[in-house]
Amino acid sequence: MIDKMFYKTLLKKTFSNPIHITFWDGETVQYGEGAPDFKLTFHDSIPKGDLLHDPSIAFGEAFMDGKIEVEGDLKELVTSMYRSQESFLGNNQVYAKLIEKLSNTKKRSKENATFHYDIGNDFYKLWLDKTMTYSCGYFRTADDSLTTAQQNKVAHILKKLNLREGDTLLDIGCGWGELILTAAKQYGVKATGVTLSEEQYERVKERITEEQQENFVDVHLMDYRDIKHQQFDRVVSVGMIEHVGQDHLEEYFQKVNELLIDGGVSVLHCITSPRDGGTNSWIDKYIFPGGYIPAVSELVHHITEHDFLLTDLESLRRHYAKTLEKWAENFENVLDEVRKSKDERFIRMWRLYLNSCSASFETGNIDLSQFIFTKGTNNSIPWTRDYMYQ
């Protein structure tokens, strides 16, 4: 009875929408006026100490283990929690928790990348688009397909790099290679990609051969910090700096400074926090170990501290919310295939990950930022931003 009273007090102001909640003993209560938008069932109680200590992990694990069932749209349920000003999970604190963790050394960075990216190309192929792009898309219209949005995103970044034929381009964390291959084919640049994922590395090598780009594109299975005695006209990084860790942000920008020629241009595409940097403990434990979401102000500080000139900053927050929506939809559509290699706990984990991240972008807990900065002055960049959209 004491536990249930604790739950009722905790949950009463957790949702901004009307909701039906059924407890483990069959009692049902409703919070909010009008017809409920969701139904939440607790098949078992979650220890009070776990909820108070770390609600993110407590709720996340309870959902994964089937102790909590949701009837209704999962993303909208999480959005309702984030939008409630009095929710213990809301008020923009979802990604503001700093977690004590070991530093992301080269060895640990490799282990972290393997944990997330090497669970199988076949798994990612099931629900990503045909370009195998695992980062925020760019929707020119609401009707754009996921593939179109990802091609738009690559094109948008390449335009921001202001590439010229013969330029050298480095992609730090190149994923499955869509950006470097497109850059080589469309702009005639020599593109190099580095990744810590063995599965990504093998697929990029295959694509280079399949698309006959051996003279223009190469890929290396290595830590970007190990690149020595090379400089590039352009450096790009898409969805990688989130894996660096707060204590290695300085090192990242030092290395980019070393890798860029004078006047070189860099584009940084990454998840950011509008206010304080941090991470989500459940995401850190189950999805991206060693991750850290930097604050926009934190990255601007590092950029300017290294004598880079910040020339542009754009938010694509809503684009990532929509990208994740499409991934979540694709994921649900291929569950029969997923179940051939993954268990139900894994499926519930990824369902929660994709939907809760979409909700976080939707509500502004986190953002997606694209920074353009140059090493020293570069007066060849066009006068206006029109070149990014033509």
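Which residue takes a positive phi in the hairpin of β1 and β2? In this predicted model, glycine 26 does, with a phi near 95°. The hairpin has five residues between its strands. Residues are numbered from 1 along each chain as its sequence is written. Because the model is predicted, local features need pLDDT of at least 70, side-chain atom pairs count only at pLDDT 80 or more, and totals for chains, interfaces and linings use all residues; side-chain values use heavy atoms, with hydrogens and water left out.

Helices (H or I, at least four residues) and strands (E, at least two) are DSSP runs, numbered from the N terminus. Two strands pair if DSSP finds at least two bridges between them. Strand β1 (residues 19-22) and β2 run antiparallel and are joined by four bridges. Isoleucine 21 stands opposite valine 29 in β2. The side chains of β2 (residues 28-31) alternate. Val29 and Tyr31 point to one face and are buried.

An open sheet has seven strands, in the order β7-β6-β5-β8-β9-β11-β10. Its pairing is mixed. Strands of a sheet pair through backbone hydrogen bonds, either parallel or antiparallel. The edge strands are β7 (217-221) and β10 (308-315), and each pairs on one side only. From one strand to the next, the twist averages 15°. Glutamate 314 stands opposite glutamine 370 in β11.

Helix α8 (residues 178-187) is mostly covered, with seven of its 10 residues buried. The buried residues are Glu178, Leu179, Ile180, Leu181, Thr182, Ala183 and Ala184. Their cover includes strands β5 (168-172), β6 (190-195), β7 and β8 (232-238). Helices α7 (146-160) and α9 (198-210) are also included. Just after α8, glycine 188 takes a positive phi of about 70°.

Helix α3 is largely enclosed by the rest of the structure, because 10 of its 10 residues are buried. Among them are Pro55, Ile57, Phe59 and Glu61. Glycine 66 follows α3 and has a positive phi, near 80°. Helix α3 (residues 55-64) packs against helix α15 (residues 344-363) at an angle of about 135°. The two axes are 8 Å apart. Axes are lines fitted to C-alpha atoms, for helices over the stretch in contact, and angles run from 0 to 180 degrees between N-to-C directions. The angle makes α3 oblique to α15. Angles under 35 degrees count as roughly parallel, over 145 as roughly antiparallel, 65 to 115 as roughly perpendicular, and the rest as oblique.

On the α3 side, Gly60, Phe63 and Met64 make the contact. On the α15 side, Arg345, Arg348, Met349, Arg351 and Leu352 take part. Contact means heavy atoms within 4.5 Å. By class, the contact of α3 with α15 has four nonpolar, one polar and three charged residues. Ala, Val, Leu, Ile, Met, Phe, Trp, Tyr, Cys and Pro count as nonpolar, Asp, Glu, Lys and Arg as charged, and the others, Gly among them, as polar.

Lysine 326 lies in helix α13 (residues 317-333). This lysine is partly exposed, with a relative accessible area of 22%. Lysine 326 touches Phe139, Asp144 and Leu146, not counting residues up to four places away in sequence. Lysine 326 and leucine 158 are 168 residues apart in sequence. Their C-alpha atoms are 24 Å apart in space.

The structure holds zero disulfides. A disulfide is a pair of cysteine sulfur atoms within 2.5 Å. The sulfur of cysteine 174 is 17 Å from the closest cysteine sulfur, in cysteine 270, which is too far for a bond. Cysteine 174 is buried, at 6% relative accessibility. For cysteine 357, the closest cysteine sulfur is in cysteine 136, 12 Å away and too far for a bond. Cysteine 357 is buried too, with a relative accessible area of 8%.

Most residues other than glycine have a negative phi. Glutamine 212 has a positive phi, near 55°. This glutamine lies in the loop between α9 and β7. Glutamine 212 is exposed, with a relative accessible area of 65%. Histidine 229 also has a positive phi, near 55°. Its loop runs between β7 and β8. Histidine 229 is exposed, at 82% relative accessibility.

Conventions: Buried means under 20% relative accessible area, exposed over 50%, partly exposed in between (1.4 Å probe, protein chains only).
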